[in-house]
Amino acid sequence: MRQVTSDEDLLQVMATAIDVPAILAYLGVKPSDPRAERMARAMSTAFVHDSYLHENRPILLHVTPGVLRALEAVGKAWVGREFAIRLYLDRRYDGPGRISQLHGSAWRRFESWVCASVDLRSFIHLGQGESRSIVSPQVMTRMMSQVVGALVSVGVDDVARNLLRGFLDSFLDEAEANAGLGVDLTTILPADEQSWSYTKEGPDHDTRFAATLADAKGRSVTGTARSKKSARAAAAGEFIRRHGSLSNVARKADNYRLPKELDMATFSWQRRVAEVVDGFGTGAEWRGLVEQAFVHSSWAYENKVSIERTWQQDNRVLAFVGSHIVQYEYTRAVGRTVLRELPEAVHIATQSGEAIGEAALSLGIGDMLMLGRGQRAQGVERAMVVDAFQALVAALYVAKGAPSELFVDLPEEWQLSGSLMAPGVSREKDARTALQGRCAAVGFDAEYVIVDESGPDHNRFYVAELRLTSGVLEETVAVRGRRLRNVKAARDDAARIVLRRLELVDEPEGGASQQEQMLDRFVAAHLASTRRSRFSSAHVARTAAKAPATSAPRRAAVPALNRVVSKATVAHPRARSSRPSDQSGPAKRLDGYAKHAVDVVRAYYENAGYRVEFAAGVESCNLDVRCGDERLNVKVQAGEVRDVEVVLTDGEAEHFRNCYPNTVLAVVHSIRLVAGSSAATGGVLELTFPWQP
């Protein structure tokens, strides 16, 4: 891991050759701007695509996959924050539903806007196997996120904001029509008069849906997006724009007004609010907005007259905006560390509710909540404290004039919460994400089911059951978590139990419950069966070499790398002879598949105790696999589907016939390309031995 010494040097190496004047013009920056050189250097990294980086690692010394992922994450978080704050200041919302809907609509429109940018497409550094004319929407959005992330990382938020200003201004002008989904559409076209049809196109890694809405009058519109739901929403919005009007769609929200101070608060409570406002150096005119951060919906419901008199409302809308501000502060701090240390890989998760709750409790926010009588009798819930903290963050962010970062130069009493919100390192993966990786590694399939719900609607409890399936044993074991307040927490609790037992499988501890003991036995049996399956397959490969030529080929299937595949039916591979020159053109596109397949087969045999060498160019086979005096010649074939055609040169075909029966055909099928690059992932390995073409 290489390190950069100071923040001033972040992204300040000219990583690639770029058209500086054209890029500065695209950013709206004059060459005479004293920041122009700094931005140009940052852009030399921002426009690097993964495929280009993969092909040019020796010369891109200060660019790593981790750096690109960090820039993308920072850019996305910044754009999300910008959308939220612009929408909030544009109008007043009665609740979080409308602003959340508009925020999602903005992201969908943003992707289309980015894809239409010819300049952005022309600046991207792509690998030799990528076509600039067919860059996917996902890649275009990722590159724009990297550009925005690089700009804000070098402290030029104003340039990033100017880059997006045209899009945001246009979106806000049409926001009401663009967000016209479901209930709004029915005011123009009743549900029983709507006729919907859907089509799907594109490869699995870049699928696009088209939703077409028609009515009895012959009016028809089509919306496209990456999901059926989004495509339907786009079509509904387009229908409203063409055939509806704001008067019969939805009442346009009132203009935003700064709320006044609450007139029913106690003196001591108002003094604490004043201390917060004064601590951040904002004026007294912002006290009403800061007070709103502590107003729970139960208090607002019981005090409607006071709420209307002071232009107040509950804190839910502010909490929505604050959630995006908190996420950006967290992502920006982690991104700063990544750009300094230049790691190969990085995992930037969302900020956890637990960390936000701890930050809120450190400030005593729970004691400041304005709760209705009924809610106060039930007590303060953690979710209420989290919402109040995020709402307070949003209020202070607005009061300070939307600074580039909020958690800098904090008052002394905010130091702890600031370190929790922007720690500079990414938090660990949550239990379900971590368990998913472990299950994929050992061959388990996990399914979560809510098996119990109890309590009134305002105070529900849930119990989740994690059903762990072993493809090797063909058995399933169920593990139940505790009774908790929300579905996510219940699922995480069940995952945490299984994850803990997997970590202790080699060193079991005493005091395990009956459920944990059952799980331990199940895991141990699965791992033992998996090991026997792998080594027995390898043993068959060795002993099959001694079988007579009339023996029928045998297969050994191992679990899929990314999921358990049971009772898979695989068509018998076919072989055909061809000249080496026949493998040009489309075959070049499969380089990513072939490399991944070779890595899979190599790992399989090495785990079984063999020594594996890559033999291409030395002998006419892909891998030379040896264990003691035994030697196997392994032909590796990759593909997206199970029924693959094995392509051999004349020399390869003759070689494998001469080496029979010490020959193996290793087919890795169901491989997927990683979106936006030529790298591949996943796959199912099938072995046929002895194999004769």
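Here is a friendly set of questions and answers about this predicted model.

Reader: What kind of model is this, and from where are residues numbered?
Author: Welcome! This is a predicted model, in which local features need pLDDT of at least 70 and side-chain atom pairs count only at pLDDT 80 or more, while totals for chains, interfaces and linings use all residues. Side-chain values use heavy atoms, with hydrogens and water left out, and along each chain, as its sequence is written, residues are numbered from 1.

Reader: How many helices and strands does the chain have?
Author: Helices here are DSSP runs of H or I with at least four residues, strands are runs of E with at least two, and both are numbered from the N terminus. Counted that way, the chain comes to 26 helices and 14 strands.

Reader: What share of the residues count as buried?
Author: Buried means under 20% relative accessible area, exposed means over 50%, and partly exposed is in between (1.4 Å probe, protein chains only). The chain has 693 residues, and the buried share is 49%.

Reader: Among contacts between residues at least 6 apart in sequence, what percentage join residues at least 24 apart?
Author: A contact means heavy atoms within 4.5 Å. Among the contacts in question, the share that joins residues at least 24 apart is 67%.

Reader: How many aromatic pairs are there?
Author: Rings of Phe, Tyr and Trp (its six-membered ring) pair if their centres lie within 6.5 Å; planes under 30 degrees apart count as stacked, over 60 as edge-to-face and the rest as tilted. By this rule the number of aromatic pairs is 16.

Reader: Which kind of pair do Phe 83 and Trp 107 form?
Author: Phe 83 is in helix α4 (residues 65-90) and Trp 107 in helix α5 (residues 96-115), so the two sit in distant parts of the chain, 24 residues apart. Phe 83 is buried at 0% relative accessibility, whereas Trp 107 is partly exposed at 26%. Their centres are 5.3 Å apart and their planes make 70°, so the pair is edge-to-face.

Reader: Why is the pair of Phe 83 and Phe 167 tilted?
Author: Phe 167 lies in helix α8 (residues 157-173), so its pair with Phe 83 in helix α4 ties together parts that are 84 residues apart in sequence. Phe 167 is buried, with a relative accessible area of 4%. The ring centres of Phe 83 and Phe 167 are 5.9 Å apart, and the pair is tilted because the planes stand at 45°.

Reader: Which residues do ring pairs link into a cluster with Phe 83?
Author: The two pairs above share Phe 83. Ring pairs link Phe 83 into a cluster with Trp 107, Phe 110, Trp 113, Phe 167 and Phe 171.

Reader: How far does α5 reach from its first C-alpha to its last?
Author: Helix α5 has 20 residues. The expected span of a helix is 1.5 Å times one less than its number of residues. For α5 the expected value is 28 Å, and its reach is close to that, at 29 Å.

Reader: Which residue has its charged end over the ring of Trp 311?
Author: A charge sits over a ring if NZ of Lys or CZ of Arg is within 6 Å of the ring centre and within 35 degrees of the ring normal. Arg 232 lies over the face of Trp 196, at 4.0 Å from the ring centre. Over Trp 311, 4.8 Å from the ring centre, sits the charged end of Lys 260.

Reader: Is Leu 342 buried or exposed?
Author: Leu 342 is found in the loop between α17 (316-341) and α18 (353-362). Its phi is positive, about 55°, although Leu 342 is not a glycine. With a relative accessible area of 6%, Leu 342 is buried.
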